[in-house]
Amino acid sequence: MSDTDAAPLVRRAADIEPEPVDAAEGLSKAVLVGEEHGAPNLAIRRFTLAPGAEVPKHTNEIEHEQYVLSGEYVVGIGDEEHTVSPGDALHIPAGVVHWYRNESDEAGEFICAVPTGDDSIDLVEE
């Protein structure tokens with residue numbers, strides 16, 4: 001399907017089921033719009049990071065743009081850690097080491113937009 005052939009789409013929150021992410025206990029992902037929904041270039045996903053959850057250091061082959069919806073949690077990008085909260089936006093370039101840690105008693109949620117297509121997640125040994 002080409003970009004000009006793509007059909008409009010509205011997905012209702014009640015119809016979108018989050019799934020656990022294998023790479024980290026306490027992390028779930030819901031694909032809001034992606035290739036499987038007819039979006040040829042960009043996927044939008046909603047992640048939930050449970051209280052106490054940690055996502056290990058890793059890299060991705062594709063860039064990530066993120067927007068924090070709720071909660072407060074730590075994002076490591078490269079050699080720096082950032083405490084983020086609702087309204088904060090992040091850009092994580094392809095290949096840059098990053099990780100997440102939720103030290104609070106509240107879940108952290110964020111929207112993550114990525115290019116469609118294949119991605120590889122590579123865990124980083126310490």
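# Reading charges and strands

User: What is the relative accessible area of Arg46?

Analyst: Arg46 has a relative accessible area of 33%, so it is partly exposed. Here buried means under 20%, exposed over 50%, and partly exposed in between (1.4 Å probe, protein chains only). This is a predicted model, where local features need pLDDT of at least 70 and side-chain atom pairs count only at pLDDT 80 or more, while totals for chains, interfaces and linings use all residues. Residues are numbered from 1 along each chain as its sequence is written, and side-chain values use heavy atoms, leaving out hydrogens and water.

User: Which residue forms a salt bridge with Arg46?

Analyst: Side chains of opposite charge can pair when their charged atoms come close. The partner of Arg46 is Glu109, with the closest N and O atoms 2.8 Å apart. This pair links distant parts of the chain, since Arg46 lies in strand 3 and Glu109 in strand 10, 63 residues apart. Glu109 has 19% relative accessibility and therefore counts as buried. A salt bridge needs a side-chain nitrogen of Lys or Arg within 4 Å of a carboxyl oxygen of Asp or Glu; strands are DSSP runs (E, at least two residues), numbered from the N terminus.

User: How many salt bridges does the rule give?

Analyst: The count comes to 3. One of them joins Arg101 to Glu81, again with 2.8 Å between the closest N and O atoms. Arg101 sits in strand 9 (residues 98-101) and Glu81 in strand 7 (residues 80-84), so these distant parts of the chain, 20 residues apart, are linked. Arg101 also meets Glu103 in a salt bridge (2.6 Å, N to O). Through shared partners, Glu81, Arg101 and Glu103 form one network. Glu81 is partly exposed at 46% relative accessibility, whereas Glu103 is exposed at 59%.

User: How do strand 1 and strand 2 run, and how many bridges join them?

Analyst: Strands pair if DSSP finds at least two bridges between them. Strand 1 (residues 19-20) and strand 2 (residues 27-33) run antiparallel, joined by 2 bridges. Glu19 has Lys29 of strand 2 as its bridge partner. In this hairpin, with 6 residues between the strands, Gly26 takes a positive phi near 90°.

User: Which strand does strand 2 join through 6 bridges?

Analyst: Strand 2 runs antiparallel to strand 3 (residues 42-49) there, and Lys29 has Phe47 of strand 3 as its bridge partner.

User: Where is Asp119 placed?

Analyst: Asp119 is in the loop between strand 10 (108-115) and strand 11 (121-123). With 32% relative accessibility, Asp119 counts as partly exposed.

Conventions: Helix = DSSP H or I, 4+ residues; strand = E, 2+ residues; numbered from the N terminus.
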